[in-house]
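Have the sequence and the 3D view ready.

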Amino acid sequence: MTERERLLETAAGMVDSMESDILRISHAIHADPEPAFKEFHAAQLLEDFVARNGFSAVRGKGELQTAIRAQRTQNRGPSIAFISEYDALPNGHACGHNLIAASGVAAAVAFDRLALKFGLPANAVFLGTPAEEGGGGKIKMLEAGMFDGIDYAMMIHPADRTMVEDWSLAGQRVFLRYYGRPAHCAASPWLGANALEAAVQTINLVNAWRCQFRDYSRVHGIIVRGGEATNVIPEYAEVHFNVRSDQKDYHGELIRIVINCAQCAAQAMGVRVEYSLGLAYDPVANDKTLERYMAQSFEALGETVMPRMRTHGIGSTDMGNVSQKLPAIHGHLKLVEASTHTDEFCAAAGGEPGDRYAMIAAKAMVMTAAGLAADGCLAARQENPG
Ligand SMILES: [Zn+2]
Ligand SMILES: [Zn+2]
């Protein structure tokens, strides 16, 4: 057996020796689903686990109280971050984040043990990232400096098939507020300025653009406010759009189109419009080296790696922002043949398929990191940080 083979076998064995902790963490988080930024029990469970294993943990500030960064204090070389998500949906852990939590924290601890045992030039960092479902926890953590000094970041998300390639859409919300003037609809409608009609015409103008949008654009909106009474010309209206594109540059152009439609509609109707923008989600750009090592790891564990087809459903994730800043991977491992956010997926994440998943995902991440270390990728990165 070569030294490299011994390293990878030990990596998998380290995860096996942690099985009871991995399943305990996965089951506890599944049984106690907490929404975005309110994942207090999950964060405490994960922090306690890494602290018991020699890591020093810090929490984020303010809204990021449930965000965690943990590592040993001494520096042994480049830092590899293993990411956990743990926020739930209204229908429980239907996105399987309890599995991302358990496998991410286990991979961090197992890789730390492996690095100590073999003297690998690398730091294992645990990153607990809250509020993936719409809250953009990782975007806020990036802004708060909680990813500073990380050389590689990885996570695996449960899915209906195993894949190392990924793509996701850049996404951002556009909030439009229209200010008109009320008037009696029958007695003196000409005195009013109709905020609702400006909102409706904005949607019509965006729809007029639709056949000229580039492929993989998604622009979808709703009227949130549209008046208070049928006999009053609406003085206030509010429209929210979600604007998505698979191209970061074009995404900015789409947002300008939507704002321009709103301003033109408002001008036509004699009302004033204001806009503001939500968090900007970047598209995922997986690191090709990490994809190669993760694919090898999955295959060594008996998984069949499928290509990521454009016909597969696609959304947006805050891991996209991480992947645009540093070498990172958002991989997928098969949980069940059901789509995420369904009750069936939720049940699988808390049952036997989930237990199997958590062990394989943790092993695949430790083996990916071990492979990088064995082949000198980490030393090369330290000499030539990108
Ligand atoms: Zn989800
Ligand atoms: Zn998810």
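Here is a short report on what you can find in this model.

## Before you start

This is a predicted model, in which local features need pLDDT of at least 70 and side-chain atom pairs count only at pLDDT 80 or more, while totals for chains, interfaces and linings use all residues. Residues are numbered from 1 along each chain as its sequence is written, and chains are lettered from A and ligands numbered from 1 in the order in which they are written.

## The big picture

The protein chain has 12 helices and 10 strands. Both are DSSP runs numbered from the N terminus: helices are H or I with at least four residues, and strands are E with at least two. Along its principal axes, the C-alpha atoms fill a box of roughly 90 × 40 × 40 Å.

The chain is split into domain 1 (3-168 + 283-383) and domain 2 (170-277), with bounds that come from an automatic or database domain assignment. Taken over C-alpha atoms, the two domain centres are 39 Å apart.

## What's inside

Of the 386 residues, 50% count as buried. Here is how that is decided: with C-beta atoms placed from the backbone, a residue is buried if 20 or more other C-beta atoms lie within 10 Å of its own, exposed if 12 or fewer, and partly exposed in between.

A nonpolar core is a set of buried Ala, Val, Leu, Ile, Met, Phe, Trp, Tyr and Cys residues joined through C-beta atoms within 7 Å. The largest one holds 92 residues, and Val105, Ala110, Phe111, Ala362 and Val366 touch the most other members. Helix α11 (residues 352-374) gives the most to this core, with 15 residues. A second, separate core of 23 residues includes Phe241, Val243, Cys261 and Val271.

## Zooming in on strand β4

How many residues of strand β4 (residues 123-129) are buried? Seven of the seven are, so the strand is largely enclosed by the rest of the structure. On one side sit Asn123, Val125, Leu127 and Thr129, and on the other Ala124, Phe126 and Gly128.

Now look at the partners of β4; strands pair if DSSP finds at least two bridges between them. Strand β2 (residues 68-71) pairs with β4 in the antiparallel sense over three bridges, and Ala70 stands opposite Phe126. Strand β3 (residues 79-85) runs parallel to β4, joined by seven bridges, with Ser84 opposite Gly128.
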